[in-house]
Amino acid sequence: MLNLSLVGFMGSGKSTVGQRLAVELDMIYVDTDALVEAKAGMSIAEIFAQDGEAAFRELEREVILELCRQTDLVLATGGGAFMDPSVREVLLRSSLVAHLEAPFEALWERIRGDAGRPLLAGEGAYDRMRALFEARLPVYRLAHAAVDARRPVDDVVRELVEVYHAHRRGNEPSRG
Ligand code: S3P
């Protein structure tokens with residue numbers, strides 16, 4: 001079956017929703033951050049600290065391009081992955097891409113204080129993350145579908161199941 005990819009800012013619930021969605025759709029859940037960590041043998045924070053963000057982005061791109069050759073996957077992508085034009089192009093071509101959308105303040109409440117997120121480290125995190133969110137939002141909106149990520153997980157999952165089935169029906173060749 002066609003892959004389903006979740007995109008959106010940090011804290012939008014891509015991993016939680018993705019795991020549940022994979023069960024509902026009888027597909028395989030994949031967390032691209034976890035695969036990058038496995039490939040590097042380090043945590044994301046360590047990759048950023050040791051090799052820098054560009055090295056992380058390169059690994060992330062390799063992991064996602066490889067996954068896009070497979071099928072039956074629900075992909076929870078890292079929050080920055082969809083910003084890379086080559087990643088975006090291949091995700092949009094090989095999967096139904098859904099944006100888990102929420103206002104910045106709601107996302108900030110979920111991510112603040114999370115030491116595992118290297119982009120949050122250092123001074124002025126609120127202002128930096130807000131600017132990053134605003135810069136990224138128009139790109140996330142290139143996804144095929146968007147759902148309101150503030151709603152309970154059950155509701156988000158149910159809506160995505162419907163969106164996925166509707167998308168597949170719409171793409172089936174007509175039998176006329
Ligand atoms: C990032 C988001 C993180 C992770 C990395 C960079 C980003 O993933 O890939 O820390 O650039 O927004 P989550 O969105 O799963 O937290």
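Helix H2 (residues 32-40) lies across E2 and E3, running at about 65° to E2. Contact here means heavy atoms within 4.5 Å; axes are lines fitted to C-alpha atoms, for helices over the stretch in contact, and angles run from 0 to 180 degrees between N-to-C directions. Helices (H or I, at least four residues) and strands (E, at least two) are DSSP runs numbered from the N terminus. Bear in mind that this is a predicted model: local features need pLDDT of at least 70, side-chain atom pairs count only at pLDDT 80 or more, and totals for chains, interfaces and linings use all residues. Residues are numbered from 1 along each chain as its sequence is written, and side-chain values use heavy atoms, with hydrogens and water left out.

Now for the sheet under that helix. Five strands make an open sheet with parallel pairing, in the order E2-E3-E1-E4-E5; two strands pair if DSSP finds at least two bridges between them. At the edges sit E2 (28-31) and E5 (145-148), each pairing on one side only. From one strand to the next, the twist averages 25°. Another helix, H5 (residues 85-94), lies across E1, E3 and E4 (95-101), at about 115° to E4.

Take a look at strand E1 (residues 3-7). Three bridges join E1 to E3 (residues 73-76), the two running parallel, and Ser 5 stands opposite Leu 75 in E3. With E4, E1 pairs in the parallel sense over five bridges; there, Leu 4 has Leu 96 as its bridge partner.

What about the faces of E1? In a regular strand the side chains alternate between the two faces of the sheet. Asn 3, Ser 5 and Val 7 are on one side of E1, Leu 4 and Leu 6 are on the other, and all are buried (under 20% relative accessible area with a 1.4 Å probe, protein chains only). Because five of its five residues are buried, E1 is largely enclosed by the rest of the structure.

A search of the whole structure turns up one cavity of 30 Å³ or more, that is, a set of points on a 1 Å grid over the protein atoms alone where a 1.4 Å probe fits but cannot get out. The largest cavity has a volume of about 30 Å³, counted as the space filled by probe spheres set on the points. Its lining residues, those with an atom within 4 Å of a point, include Phe 9, His 99, Glu 101 and Tyr 140. E4 and helix H7 (125-140) are the elements that give two or more residues to this lining, which divides into seven nonpolar, one polar and one charged.

Key:
Buried means under 20% relative accessible area, exposed over 50%, partly exposed in between (1.4 Å probe, protein chains only). On a 1 Å grid over the protein atoms alone, a cavity is a set of points where a 1.4 Å probe fits but cannot get out, and a pocket is an open set with protein on both sides within 12 Å along at least five of seven lines; lining residues have an atom within 4 Å of a point. Ala, Val, Leu, Ile, Met, Phe, Trp, Tyr, Cys and Pro count as nonpolar, Asp, Glu, Lys and Arg as charged, and the others, Gly among them, as polar.
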